[in-house]
Amino acid sequence: MKLNKEILKTRPVFSPEGRLDASNAGLFKSRLNEEITAEKEIVIDLSRLEFLDSSGIGALISIHRKCDKERGGLKLVCQHDRIRKVLELTRADRLFDIYDEAEAAAGSFLK
Amino acid sequence: MTDRLFMEIPSRLKYLRLASNFGLNAARSMFEGEDSDQNHFTESMELALNEAVTNSIRHRNPDSPEASVVVEISLSPREITIRVKDTNSPFDSEMVPTPDLDSHPENGYGIYMIKEIMDKVETSREKGWNILTMSKKLGGKQ
């Protein structure tokens, strides 16, 4: 899995690309947790993901908890039905603030 | 007529994608030559198989580095049946608690997701093999 990073409205936006599954969810979580020590408010854009499983969901929930603990925030971007369905199936959609566009997600921290 | 497909992978996460794609492509072959878009069905089979194989690999006996996971898929015109077999300690899907979804746990979703996706899920133990059998009919629950 490739993990892209860009800055939008002064907030880092991380975009995992490919599959986020049991084979790489641990590494993804570690890399994001390292970033959270420097950046408290982050966006994870799931638009480039082809596949998300329950291990990926677990990683996102863990990152969300870490952001909360650091008094920061995590916003998700999700455009694809198949990824959103996994969020809904696990009810993780009720935990996250989910946006259609990365710019709107990053901008929401400024309000 | 029922077509049977077979795959065996080493019980390691680096091969998870292979098994997952096997489920996706097997399900897609049910619709070859048809115009209808069955992405929801085929992607659900990919996810269910991915979760089942992940469980098998995660619960591999650490003393059995050479262990493998076997996937058998039976395709009939209106139904897919997937069997995932491993030689781990005995496992019964009915004994796996449903996760407390409202407390958003970080793990424990796999079997729950399989049961939500598939029409029928059963586990059995035969000659030292755990066998998770799951099936779904076209037009079954969404």
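The structure is a predicted model, in which local features need pLDDT of at least 70 and side-chain atom pairs count only at pLDDT 80 or more, while totals for chains, interfaces and linings use all residues. Residues are numbered from 1 along each chain as its sequence is written, and chains are lettered from A and ligands numbered from 1 in the order in which they are written. The predictor gives the complex an ipTM of 0.93 and a pTM of 0.95.

**Confidence**

**Where chain B touches chain A**
- Counting two residues as in contact if their C-beta atoms, placed from the backbone, lie within 7 Å, 18 residues of chain B are in contact with 18 residues of chain A.
- Helix H1 (16–29), helix H2 (39–58) and helix H3 (110–117) of chain B are the elements that give two or more residues to this side of chain B; helices (H or I, at least four residues) and strands (E, at least two) are DSSP runs, numbered from the N terminus.
- H2(B) gives the most to the side of chain B that touches chain A, with 5 residues.

**Helix H2 of chain B**
- The 20 residues of H2(B) should span 28 Å at 1.5 Å a residue, and the end C-alpha atoms are 28 Å apart, which agrees; the expected span is 1.5 Å times one less than the number of residues.
- H2(B) is mostly covered, with 17 of its 20 residues buried, where buried means that 20 or more other C-beta atoms lie within 10 Å of a residue's own, exposed means 12 or fewer, and partly exposed lies in between, with C-beta atoms placed from the backbone.

**Helix H3 of chain B**
- Gly110(B), Ile111(B), Met113(B), Ile114(B) and Ile117(B) are buried in H3(B).
- Seen down the axis of H3(B), these buried residues fall within an arc of 160 degrees, so they line one face of the helix; the arc is that of the directions from the helix axis to the C-beta atoms.
- The cover over the buried residues of H3(B) includes helix H2 (54–69) and helix H3 (81–89) of chain A, together with H2, strand S4 (120–126) and strand S5 (129–137) of chain B.

**Helix H1 of chain A**
- In H1(A), Ala25(A), Phe28(A), Lys29(A) and Leu32(A) are buried, and they lie on the same side of H1(A) because they cover an arc of only 95 degrees around the axis.
- Leu27(A), Ser30(A), Glu34(A), Thr37(A) and Ala38(A) are exposed on the other side of H1(A).
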